[in-house]
Amino acid sequence: MSVVPTGGGLLLAMLLLPLVGSAVVALFRSAPVAAKATALAFALGELVLAALTWSAYQPGGGRLQLLLSTEWIPAFGARFALGVDGIALVMIALLAVLVPIVMGSSWADKLPEGRTAAGFYALLLATQSMMIGVFAATDVFLFYLFFEVMLVPMYFLIGRFGGPRRQYAAVKFFLYSLLGGLVMLASVIGVFVVSANRLGQGTFDWATLVRISGSIPQSTQIWLFLGFFVAFAIKAPLVPLHTWLPDAGAEAPVGAGVLLVGVMDKVAIYGFLRYCLPLFPEASRALAPLVLLLAVVGIIYAALLAVGQSDMKRFVAYTSVAHFGFIGLGVFAFSTQAQAGAVLYMVNHGISTGMLFIVVGMLMARGGSRLISDYGGVAALAPVLAGMTLLAGLSLLALPGTNSFVSEFLVLIGSYPRQPVFTIIATAGIILAALYVLWFYQRVMQGPVRGAAVVGALDGPGTATAPEMAMQRARAKFPDLSIREVAVLAPLVALILLLGFFPQPVLDVINPSVGATLTEAGLTDPVVGQGGN
Amino acid sequence: MLVDGLLGGGFAAQVQHVQAPAVDYGAIAPVLVVLGGACISVLVEAFVPRSARWSAQVVLSLLTLGAAGAALGVHLYSFSRGGGTVVTLAGTMAVDGPALFLWGTLLALGLGAVLLIADRTVEPGGAFTADAAVRPGTAADRAQLGGTSTATVMQTEVFPLFLFSLGGMMVFTAANDLLTMFIALEVLSLPLYLMAGLARRRRLLSQEAAVKYFLLGAFSSAFFLYGVALLYGYAGSVTLSAIADASAGTDRSETLLLGGLALLLIGLLFKGSVGPFHTWTPDVYQGAPTPVTAFMAACTKVAAFGGILRVLTVAFASTRWEWRGLLWGVAIVSMVIGVVLGLTQTDIKRMIAYSSVAHAGFLLVGAIALTTQGLSGTMFYLLAYGFTTLAAFGVVTLVRNADGEATHLSQWAGLAKRSPLTAAVFAFLLFALAGIPLTSGFTGKFAVFSAAVADGMAPLVVVALVASAVAAFFYLRVVVLMYFSEPAPDGPTVSVPGAFTTAAITLGVVITLLLGVLPTFALSWAALGVFAS
């Protein structure tokens, strides 16, 4: 048993394993299959570690668990300190589940010329390691460090392996995030200086900072909050700072896109919950209307844009912006129910958007086009693929019985007592979600077989090919899902249904941490809300 | 004292009273070793046969730096054992904590620079012209480009020039009165003017750089000297501490004090290439032989900011509220000029030059904090920036085509495909210049900016962070070119570096990484002591 790390060692192992894996995989430059297999082995190992971490975590236990802390840069008061609460734990688990799936889905991807599979998989593992660091850090300095460094592998993933406009998208992604990060750095430094004034000795230790948060004057809190807010609003993204996401999401290779939209963007919401609310309680309460406004505007605006998209990947990206609005509403409505719903929503959104991204990638691998109008009637050719797309879409629009329903319902019911107006507006987003998902499905999957990407350029418009001939050709070009593809999607399907009917184990992990967050923010549940379950 | 004595009594009587000042040879041994090495180097140039000169000069330079380093180590030992600050040579040299740190920095950077200077493999016969007096474009000039056997023997007068310049820089950072400082300024500058004109290729650019640097440098020296004169008029002394004493609560003319400070600062800011006194920087960085540019960019910056820190802290701390606003403005102007003009550059050396102007602005933010944190942070930044920029120029020497170095940015397209290692190293250095965490650039920025915020300069820090974000754009542009663009068919090749250049680049990269991950050792060394007053 001594080989298996325990406590904080588990988190350290989770941080280091993908990093080591990344270095190892990078060695297989000329052996793509070996590179993929090694990467997958490391990702599965990480999944095992995540399972161990999950079982080591005590839902009712301390605020932060599995702690590990060691002196790092005494001159800055920075420590190398790891630990998780329930919110961080579910995010780490989500990440650990998604990475092997992403690797499986990218297995047969055609890479741009001159790029090696080893590079792609090494970057995926590096991204995973940095994101684990973001969620596991309990030192503000360390959090900031991972927050910035995780941009670098993602930047290379988009810029080297992405679509036609990848250079533009990669630079836009990096600069937006870096600008936000640097504004946050000003606040990080400010927090340190404020703590030095309060305690005599500056610190970045999260728990210590939470203890002194009540004594910081509101005006100072607001400035510090705004620094963090800008970074997180860009990262989330909240309207109007969202324009980088459709570009990055559309140009990113599917595997990177899943991690980008599914997990990396949630660092922002996680940051609101872990840093903004507990560290700047008064500012959070004072500025909540601003965040709520941006969130609700985002729900409606992004949903309308999603309806109008002609590019499938941009479509998925815009649906994400709309869903981040819901999550933002849940966080800043300040009730246990809504926040627990928001955290669960982060997990569910990672699963359903991840699945939608992957099925869209599978469609594109067959049709070679990103345009919705190039497809039609795919269900006749590839019924399993169509079924998977439908399931992902229904999960996205929060159909009862799927995972997202639970979280969306919790968010709305928990938000209503404090924010009735915003909640009612947000509810309109549900209708729009049904519109854009179903219309997308209808255009791509249903009706007669049609569209340039499906029928193929061979049968140009006007060529009088017999319908059976065309059908055969289309079948050959458009095979249904392979066993590998089914195996990749199966865990996601299982999770969608499992969390749809039985979300309690996850909620049990989330609820105590959310309750503690609210207490740290100096808030109590509104009277109507029953809290949690 | 001497002058008073001569006026007061008979000359013969006074001669007995003039005593040689006590000299603590142990404390100033590093400077003596370097200047002694420079003198021997001149003799080597005069008496050693041409064929053996290169090896003799390289061995001598390395030995000199090694011996100076050893002497520094010995003195550092006695310093930390309670020996403390030594003010010697009749109060003209103050060997205090900052001086020792800056000496160590200068020697370490000098080692890297001399390795680049000594390299003969990248360009046969080294980067230096065989005959600097030959008119550019003539047949003799073409002959010295190579091909003939005499041309490939390296011209070695650059070594004594280098050692003199380095010795001057070391005196400059420890000079405790303004006249010593002025002499050190000239000792460090005059060899640099010559070295800038020694490029083997693009002679016209190189000569233009040398003349420009000389004329503007002479001009700035004149400003410096005029400032010294005004301050002498104010305080009746050129000693830094005497100026501080004189300015503390007297009714003397502030005009003399502030006018003198302004003129003095112009001289110092010029050397540090702080905007708006930066105009020589791009031309000289571009025209000078790249190893010399590396030396200038790394070491001159250290010396200039060492001087600025000492003058401001020791002599002008009590009047800080009168000049600080002005230097706020200068810092902002420098950052803005650096990043905005850096965006428009198409030549890699000019781009790094403008980046150095921006970095000078960041350094100034820390330098005007006048706290112990500000002092140690700025000195750490100098160390970090020096090694990064040294290694960056080392990489620039490697990317070549038939005409020598390929410095136009478009020629760097697709470099990652041709030579992944060179591209990876340069990308890492660019990320360090941009201040991404886990590189020394981030640690340095954090140290400087946190000191500035702690001293109440939060708005200035916000400006600096925004400037950092803009600067990241032009660093990223190079990464984009190297990694995401296709190589041009007639693009440059990357020379396989010889042992010397490899060693210099490795040194720079390793220290950049080390100071990013484990900076504690350097940070605590930088915080070893304060200026002698």
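Before I start, one term: a residue counts as buried if 20 or more other C-beta atoms lie within 10 Å of its own. Please also keep in mind that this is a predicted model.

With that cut-off in hand, let me begin at helix 17 of chain A, where Leu385(A), Ala386(A), Met388(A), Thr389(A), Leu391(A), Ala392(A), Gly393(A), Leu394(A), Ser395(A) and Leu396(A) are buried. That is ten of the 14 residues in the helix, and helix 17 of chain A is therefore described as mostly covered under the cut-off I gave. And what does the covering of these buried residues? Which helices are included? Among them are helix 14 (312-332), helix 15 (336-367) and helix 16 (378-381) of chain A, together with helix 18 (403-415), helix 19 (420-445) and helix 22 (483-501) of chain A. Helix 17 itself runs over residues 383-396 of chain A and reaches 20 Å from its first C-alpha to its last, which is close to the 20 Å expected at 1.5 Å a residue. After the helix comes Ala398(A), and the phi of Ala398(A) is positive, near 65°.

Let me step back to chain A as a whole. Chain A has 23 helices and two strands, and 63% of its 533 residues count as buried. Its C-alpha atoms fill a box of roughly 85 × 55 × 40 Å, taken along the principal axes. For a chain of 533 residues, a compact globule would have a radius of gyration near 24 Å, and the 23 Å of chain A agrees with that. If we take the contacts in chain A with a separation of 6 or more, 81% of them are between residues 24 or more positions apart.

Now to the two strands of chain A. Strand 1 (residues 65-73) and strand 2 (residues 78-84) of chain A run antiparallel and are joined by six bridges. As a reminder, strands of a sheet pair through backbone hydrogen bonds, either parallel or antiparallel. To place two of the pairs, Leu68(A) stands opposite Leu82(A) in strand 2 of chain A, while Glu71(A) has Arg79(A) in strand 2 as its bridge partner. The hairpin that these strands make has four residues between the strands, and in this hairpin Gly77(A) takes a positive phi near 65°. Is strand 2 of chain A enclosed or open? Six of its seven residues are buried, so strand 2 of chain A is largely enclosed by the rest of the structure.

Helix 3 (residues 86-105) and helix 23 (residues 504-520) of chain A have axes that come within 7 Å and cross at roughly 140°. On the side of helix 3 of chain A, the residues that meet helix 23 are Gly86(A), Ile87(A), Leu89(A) and Val90(A), and on the side of helix 23 of chain A they are Val506(A), Val509(A), Ile510(A), Pro512(A) and Ser513(A). Taken by class, this contact has seven nonpolar residues, two polar and no charged.

Let us turn to chain B, which has 22 helices and five strands. Buried residues make up 59% of its 533 residues, and its C-alpha atoms fill a box of roughly 80 × 55 × 45 Å along the principal axes. Three strands of chain B form an open, antiparallel sheet in the order 4-3-5. Strand 4 (404-405) and strand 5 (493-494) of chain B stand at the edges with a single partner strand each, so one side of each is left without a neighbour in the sheet. Strand 3 (residues 399-401) of chain B is joined to strand 4 of chain B by two bridges, and Arg400(B) has Glu405(B) in strand 4 as its bridge partner.

Finally, how do the two chains meet, and how many residues does each give? The contact takes 27 residues from chain B and 29 residues from chain A. On chain B, helix 19 (440-454), helix 20 (458-484) and helix 22 (520-526) each supply at least two residues of the side that touches chain A. Helix 20 of chain B gives the most to this side, with twelve residues. By class, the side of chain B that touches chain A has 22 nonpolar residues, four polar and one charged. Helix 20 of chain B is also mostly covered, with 20 of its 27 residues buried, and helix 20 reaches 37 Å from its first C-alpha to its last, close to the 39 Å expected at 1.5 Å a residue.

How values were computed:
Residues numbered from 1 in each chain as written. Chains lettered and ligands numbered in written order. Predicted model: local features only at pLDDT ≥ 70, side-chain atom pairs only at ≥ 80, totals over all residues. Contact = placed C-beta atoms within 7 Å. Nonpolar A, V, L, I, M, F, W, Y, C, P; charged D, E, K, R; others polar. Axes fitted to C-alpha atoms, helices over the stretch in contact; angles between N-to-C directions. Rg over C-alpha atoms; globule rule 2.2 N^0.38 Å. Buried ≥ 20, exposed ≤ 12 C-beta atoms within 10 Å, placed from the backbone. Pairing = 2+ DSSP bridges. Expected span 1.5 Å × (residues − 1).
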